[in-house]
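Reader: I have a structure to go through. Please tell me what each label rests on.

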Amino acid sequence: MATLNCNVPLSLLGDLTRAAAGDESVSHIVTAALSQYLNKPIHTLFQVSTSGALVAGIYSGAVSSGLILQHGDFGVGTFENLDGEMVVLDGQVYRIQGDGTVSEAPTDTTAPFAVVTRFAPQFDLEIAPADSLNALRARCDAYRPSNNIFYAFRLDGRFHRVRTRAVSPPKGSHDRLVDAAKVQAEFEFSEIEGTLVGLWSPGFSSAFSIPGYHFHFLSDDRRHGGHLLECSTAPLRLRREELRNFHLALPENESFLKADLSKNAADELAYAEQAH
């Protein structure tokens with residue numbers, strides 16, 4: 001977070017001081033005012049489409065990478081026709097394809113599903129090593145005081161072992177995600193420096209999002225990555241942001257508008273998220 005020094009009229013300063021005497025800090029009030037004036041949402045998660053649509057096989061591109069970057073500089077997703085995993089990091093969109101290739105996605109590349117935010121962490125600290133993904137989740141849980149809001153986590157450092165996957169375009173034009181996941185490519189890396197881009201979503205979001213933790217990995221040299229399946233780590237730098245606002249943009253294409261999305265997709269989504 002940056003520090004701002006400025007001059008304000010005494011009348012406004014008095015009102016600001018009185019307002020800050022309640023539950024809101026001066027920093028929070030000023031930040032909210034600047035966000036509204038500059039039309040730049042903060043602590044907001046922006047999502048394209050729903051997890052249920054992805055499970056149902058709605059893979060046609062809904063928005064471009066360029067448009068995604070207008071709403072966030074940090075997040076995860078996938079690409080049209082399920083052609084690779086998306087990592088949005090430091091304002092760049094990266095694609096990890098089924099053959100392991102990592103590249104920057106052109107701004108006109110389209111995506112059927114993405115979740116991003118303008119990353120503004122409220123915590124920046126070092127956490128102890130973790131010998132498994134479950135242990136890493138527990139480390140993150142210590143900095144997640146509520147089960148009812150969204151969180152963004154960025155973890156940087158050395159990974160002793162990383163196991164990832166990357167999806168590839170399905171053979172059938174209407175394959176469900178569970179079928180596409182059966183032939184996903186999986187990769188394993190050791191003693192590698194990189195970043196985990198992670199989001200945590202509350203249980204009530206299962207109707208439209210991916211509940212729990214969702215991590216994508218990208219190596220520092222931008223040569224390796226994918227959807228995280230397992231890991232063990234050295235001490236990592238952890239940055240975390242609370243996301244109290246959520247914006248859902250629904251696709252306007254025919255495949256989404258005519259799809260039957262009334263079924264509970266939780267079991268299929270859980271299967272697609274794990275190793276095979």
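**Labels and their grounds**

Reader: Where does Ser49 lie?

Author: Ser49 lies in the loop between β1 (44-48) and α3 (51-55). Keep in mind that this is a predicted model.

Reader: Why is Ser49 called buried?

Author: Ser49 has a relative accessible area of 2%. Buried means under 20%. The value 2% falls under that limit, so Ser49 is buried.

Reader: Which residues does Ser49 touch, leaving out those up to four places away in sequence?

Author: Ser49 touches Pro112, Phe113, Phe208, Leu248, Ala249, Pro251 and Phe256. Contact here means heavy atoms within 4.5 Å.

Reader: What makes the phi of Ser49 worth a remark?

Author: The phi of Ser49 is near 65 degrees, a positive value, and the residue is not a glycine. Most residues other than glycine have a negative phi.

Reader: What is the phi of Arg222, and where does Arg222 lie?

Author: Arg222 has a positive phi of about 60 degrees, although it is not a glycine. Arg222 lies in the loop between β12 (212-219) and β13 (225-243).

Reader: Why is Arg222 called partly exposed?

Author: Arg222 has 25% relative accessibility. Buried is under 20%, exposed is over 50%, and partly exposed is in between. The value 25% is in between, so Arg222 counts as partly exposed.

Reader: Why does Leu10 count as exposed?

Author: Leu10 has 73% relative accessibility. Exposed means over 50%. The value 73% is over that limit, so Leu10 counts as exposed. Leu10 is found in helix α1 (residues 10-20).

Reader: Which residues make the nonpolar surface patch of about 400 Å²?

Author: Val8, Leu10, Leu12 and Leu13 make that patch. Patch residues need over 30% relative accessible area. Leu10, at 73%, is over that cut-off.

Reader: Is Glu85 buried or exposed, and how do you know?

Author: Glu85 counts as buried. The place of Glu85 is in strand β4 (residues 85-89).

Reader: Which residues does Glu85 touch beyond four places in sequence?

Author: Among them are Phe79, Tyr94, Ile96, Arg165, Val167, His216 and His227. Glu85 and His216 are 131 residues apart in sequence, yet 8.0 Å apart in space, C-alpha to C-alpha.

Reader: What is the strand order of the open sheet of seven strands?

Author: The order is β6-β5-β4-β3-β8-β1-β14, with mixed pairing.

Reader: What makes β6 and β14 the edge strands?

Author: β6 (102-104) and β14 (245-249) each pair on one side only. The twist averages 15 degrees from one strand to the next.

Reader: How do you know that β5 and β6 pair?

Author: Strand β5 (residues 92-96) and β6 share three bridges, in the antiparallel sense. Two strands pair if there are at least two bridges between them. Three meets that rule, so β5 and β6 pair. The bridge partner of Ile96 in β6 is Val102.

Reader: How many helices and strands does the chain have, and what percentage of its residues count as buried?

Author: The chain has eight helices and 14 strands. Of its 276 residues, 46% count as buried.

Conventions. Residues numbered from 1 in each chain as written. Predicted model: local features only at pLDDT ≥ 70, side-chain atom pairs only at ≥ 80, totals over all residues. Heavy atoms only, no water. Patch = residues over 30% accessible without salt bridge, like charges linked within 9 Å, V, L, I, M, F, W, Y side chains within 5 Å. Areas by Shrake-Rupley, 256 points an atom, 1.4 Å probe, with all protein chains shown as cover. Salt bridge = Lys/Arg side-chain N within 4 Å of Asp/Glu carboxyl O. Helix = DSSP H or I, 4+ residues; strand = E, 2+ residues; numbered from the N terminus. Buried < 20%, exposed > 50% of the residue type's maximum accessible area, 1.4 Å probe, protein only. Axes fitted to C-alpha atoms, helices over the stretch in contact; angles between N-to-C directions.
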